[in-house]
Amino acid sequence: METTLRGVGVSHGVAIGEVRHMGTAVLEPPAKQVPAEDAEREQGRARQAVDAVAADLNARGNLAGGEAQAVLEAQAMMAQDPELIADVDRRIAVGSTAERAVYDAFAAYRALLAGAGEYLAGRVADLDDVRNRIVARLLGVPMPGVPDSDEPYVLIARDLAPADTALLDPTLVLGFVTEEGGPTSHSAILARALGVPAVVALPGAGELAEGTVIAVDGSTGEVFVEPSAEKKAQLEAAAAQRKAALTASTGPGATSDGHKVPLLANVGGPADVPAAVEAGAEGIGLFRTEFLFLDDSKNAPSEAKQIEAYRQVLEAFPEGRVVVRVLDAGADKPLDFLTPADEPNPALGVRGLRTLLDHPDVLHTQLTALAKAAEGLPVHLEVMAPMVADRADAKAFADACRAAGLRAKFGAMVEIPSAALRARSILREVEFLSLGTNDLAQYTFAADRQVGAVSRLQDPWQPALLDLVALSAEAARTEGKSCGVCGEAASDPLLACVLIGLGVTSLSMGAASIPYVRSSLAKYTLAQCERAAVAARAADSAEEAHDAAQAVLSGE
């Protein structure tokens with residue numbers, strides 16, 4: 001009998017196939033004692049397993065490239081964390097086996113993170129995956145992960161570690177469904193980059209029996225269990241219609257009455273650029289530079305290394321717009337040489353621009369490298385600071401840009417409610433705003449973006465979030481400046497229309513989403529988008545906002 005479940009759709013498309021479950025997690029190793037004379041041998045086993053897992057994660061990252069590479073390299077660094085290894089050695093010295101020592105050391109670190117209110121929940125999931133891989137190697141059992149199958153399937157998991165998501169084979173994995181996660185989790189972001197339909201935060205997903213046929217709608221978040229032939233045909237027809245519309249939609253982004261909407265790409269490094277070019281991106285709206293700093297958590301990359309990487313991206317968009325975000329370190333992206341190790345609430349502490357202002361040499365080197373990378377190129381370079389809270393932050397960043405001799409537009413990211421509320425004040429110091437809707441939602445609703453239990457508050461359709469977007473866009477319009485969106489909200493084709501109706505001037509997203517958004521915008525006039533925006537803001541919930549906007553745009 002057909003039943004319908006609803007989670008959070010995070011990656012467009014429809015997948016119909018049999019359920020296959022992610023390999024089970026490693027069992028807890030027995031608590032055996034080993035003789036003191038074997039301690040050195042066990043410590044050697046532990047180090048070999050740690051190094052092997054780190055090497056495997058780095059190799060997976062090199063294969064995946066782009067944003068996935070940065071995530072996996074961060075996991076590799078986690079595996080080789082000196083404090084964790086020292087704790088493992090101590091536990092072995094008092095009689096633990098290598099596998100038990102690893103299990104207990106990771107459990108202790110996990111408890112510390114959970115005890116901090118799970119502000120680092122995303123890192124907790126990554127930590128568990130690293131632990132499981134090391135323990136599996138020590139026990140000599142298969143790694144937990146994607147099941148082996150000769151036939152295409154829909155993958156079901158409690159959550160997906162980046163190491164698994166990054167190397168999913170789209171020819172075999174038709175789509176995936178997870179019980180945990182949220183719309184801005186690592187897995188969701190990587191799923192969109194792969195173009196694999198995905199639904200997250202679906203309670204009870206793990207109870208779906210192996211081999212059950214399901215249909216996954218990554219746009220609506222619906223999962224149909226044992227769908228009827230009629231439902232399958234309906235979904236397949238809708239998917240075919242969307243694909244035809246995507247193929248027909250080319251060129252610059254615009255509404256049906258010619259209002260221009262530059263569609264830009266979010267990239268995590270040079271490896272993401274080819275996909276952005278192929279998707280018809282009109283430039284880069286968010287160039288995340290963290291990938292350069294994750295290679296070595298103890299030292300900042302040299303100016304020469306930065307220049308080389310930046311120039312590769314700038315050269316890919318001659319005459320185009322490239323918006324670079326300076327290093328956003330802290331919270332779930334700690335760096336030993338920059339971020340405090342003992343903050344009780346890292347997401348609310350020294351991160352983003354605050355970190356860089358505490359380390360002006362790091363900021364100056366990055367800005368100087370960007371200035372040199374852009375020399376002689378016709379690209380329209382723009383540089384923005386993350387986590388700007390007020391006018392003082394904006395002024396400090398603009399002053400640093402000028403001191404570095406940077407000939408570019410200086411901008412501020414709106415990720416904190418105070419920045420949206422005082423956007424006009426901030427715009428007296430900088431030339432543009434860019435809304436990071438992922439963090440803006442997190443701070444507006446006090447809802448960690450990695451925790452599935454509060455995913456409804458991470459929904460970018462929340463009317464309170466739309467109010468803050470409207471405030472920012474209105475401030476920019478009044479000041480005669482631009483206001484883009486570079487958060488995941490821009491990748492929702494229907495919400496993209498609402499954002500334009502709110503006054504947003506450009507949209508930036510993962511390359512795979514650009515054709516969907518371009519096609520959606522081309523169906524409606526600017527006036528229709530504005531009416532949809534009014535209807536969405538008048539609602540009292542995210543679901544009501546979505547339905548109200550949809551009703552306006554469909555002419556109901």
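Which residues do ring pairs link into a cluster?

1. Phe-287, Phe-291 and Tyr-310 are the residues that ring pairs link into a cluster. Keep in mind that this is a predicted model. The structure holds two aromatic pairs.

2. Take Phe-287 and Phe-291. Their ring centres are 6.2 Å apart and the planes meet at 25°, so this pair is stacked. The cut-off for stacking is under 30 degrees. Phe-287 and Phe-291 are both buried.

3. Now Phe-287 and Tyr-310. Here the ring centres lie 6.0 Å apart with the planes at 85°, so the pair is edge-to-face. Edge-to-face requires planes over 60 degrees apart. This pair links distant parts of the chain. Phe-287 sits in strand S10 (residues 283-288), while Tyr-310 belongs to helix H11 (residues 303-315). The two are 23 residues apart. Tyr-310 is buried, as is Phe-287.

4. On to the cysteines. How many disulfides does the count come to? The count is zero disulfides. A disulfide needs two cysteine sulfur atoms within 2.5 Å.

5. Cys-401 is in no disulfide. For Cys-401, the nearest cysteine sulfur is that of Cys-486, 16 Å away. Is Cys-401 buried or exposed? Its relative accessibility is 0%, so Cys-401 counts as buried.

6. Cys-497 is in no disulfide either. The nearest cysteine sulfur to Cys-497 belongs to Cys-529 and is 4.4 Å away. Cys-497 has 0% relative accessibility and therefore counts as buried.

Technical notes:
Residues are numbered from 1 along each chain as its sequence is written. This is a predicted model: local features need pLDDT of at least 70, side-chain atom pairs count only at pLDDT 80 or more; totals for chains, interfaces and linings use all residues. Side-chain values use heavy atoms; hydrogens and water are left out. Rings of Phe, Tyr and Trp (its six-membered ring) pair if their centres lie within 6.5 Å; planes under 30 degrees apart count as stacked, over 60 as edge-to-face and the rest as tilted. Buried means under 20% relative accessible area, exposed over 50%, partly exposed in between (1.4 Å probe, protein chains only). Helices (H or I, at least four residues) and strands (E, at least two) are DSSP runs, numbered from the N terminus.
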